[in-house]
Each structure stands twice: as C-alpha cells, then as structure tokens.
Amino acid sequence: DYLVLGIEHIFSGTDHICFLIGLLLVAGIDGRSGAPRGLRRGFLYTLAIVTAFTVAHSITLIASALGAIAMPSRIVESAIAASIAYVGVENVVVRAPRGRWLLTFGFGLVHGLGFAGVLREIGLPERGLVLSLVSFNVGVELGQAAIVGAIFPLLHLWSSRRSYRPVALVGGSMVIVLFAGLWFVERAFGFKLLGGALG
C-alpha cells in the first residue's frame, strides 16, 4: 500500500515534477561550454542529479517521519516552491549551470520534508514502520524514474536543435518559474489563486 502511495504522490505532485523537469532541461547542455552534450554525458548528469535528490530526500523523509526533525508545513512547502523557482531562474540566467548535483542535494533535503508531511497526513502503522517508510520511498523513486525515463530521451533528441534553448530551456524554465511563484504565494501567504487549483 505504501509503495503505491509513493508512486501516486509523485505523479500527483506537480511541483516535484516541475522540479525534475527544471533540472533535466540542462541535461543536454555542457556545464562549461554551453554546447550540446553527448548521450553518455547527458545520462551521467541525469544519474548524478537523480542520485543526489534520492539520497537527500531519503535522509529527511526518514528522519522527519521518525520524529527526529520537525518543521512547520507552511515553511517546508514554501521552501519547495522557492527551490523550483530558483532552478528555473538559474536555467535562464546562467548559460551553462554547473554543480547541479550539489544544488539538487540541498533542495532534495527540503523536498524530503515535504514527502514526510504527506506521510504524516496518511499516518504510519505502529507495526512494520520501517518497511512502510522504505516502501513509500521506493514508490517515490519508481515514480521519479518513470518521469525521468520518459522525459530525458525527448530532451536529449531536441537538445541538438537550434530551437532547444529559446523554446525548451528558456521558455520551459519561465513557465516553471511562473508556476513556482504562484505556489510560493499560495503557500507562504495562504492565498488561493485560481480557486486553489494550483495547490
């Protein structure tokens, strides 16, 4: 049950999907020259950021679910929105972002607290607690892997075309920044924009 809940949470979490897409938008661009990467280097970049995100959110998810860390939901959710906006802005402002795995690790710690908040709402069983936590986390990873597996090949194929930077990278990142900004306003100030449909 918790495995399925983890998968469902990722596919229903538009904010986490936007975060992943924002990171993947530069997977096909070299971190030094800004030129298109090859498939191998793009895959290694993707593997690095996914691994960093996985390790980081696993740490805070488990620690928070076990009661070792506690932060107000409004602060956590607002910080998640801010992290998404930052990635989108950096994609536009910095021609070839570097050190993304480290950035992803830091933001992954925050996202893990968000995952833990979902678990607290659902509730954890007294028996089989560790197994439930691990199952939920594996579900999150399976959902994340499915999203990355679907998006990365498409972005890689497009990255060698001239239209990639203005349309996919800049245009896509600006859309992400827009949504992240709306999420931040909703979460930090309690406003319900567009009837709360964005939350």
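Tutor: Ser132 has a relative accessible area of 9%, and under 20% counts as buried, so Ser132 is buried. Keep in mind that this is a predicted model. Ser132 sits in helix α6, which covers residues 129-159. If you set aside the neighbours within four places in sequence, Ser132 touches Tyr2, Leu124 and Pro125.

On to helix α5. Gly123 follows α5 and has a positive phi, near 100 degrees. As for α5 itself, its 23 residues should span 33 Å at 1.5 Å a residue, and the end C-alpha atoms are 32 Å apart, so the two values agree. There is a bend in α5 too, of about 25 degrees, at Gly108.

Now for the packing. A pair of packed helices is described by the angle between their axes and the distance between the axes. Here, α5 (residues 100-122) packs with α2 (residues 14-24) at about 175 degrees, and their axes are 12 Å apart. Angles over 145 degrees count as roughly antiparallel, so that is how α2 runs relative to α5. Who meets whom? From α2 you have His16, Phe19, Gly22 and Leu23, and on the α5 side Arg100, Thr104, Phe107, His111 and Phe115. Sorted by type, the residues of this contact come to 4 nonpolar, 4 polar and 1 charged. When you look at the spacing along a helix, recall that an α-helix has 3.6 residues a turn, so residues three or four places apart point the same way.

Terms used:
Residues numbered from 1 in each chain as written. Predicted model: local features only at pLDDT ≥ 70, side-chain atom pairs only at ≥ 80, totals over all residues. Heavy atoms only, no water. Axes fitted to C-alpha atoms, helices over the stretch in contact; angles between N-to-C directions. Helix = DSSP H or I, 4+ residues; strand = E, 2+ residues; numbered from the N terminus. Parallel < 35°, antiparallel > 145°, perpendicular 65-115°, else oblique. Contact = heavy atoms within 4.5 Å. Nonpolar A, V, L, I, M, F, W, Y, C, P; charged D, E, K, R; others polar. Expected span 1.5 Å × (residues − 1). Bend = angle between axes of the 7 residues up to and from the residue. Buried < 20%, exposed > 50% of the residue type's maximum accessible area, 1.4 Å probe, protein only.
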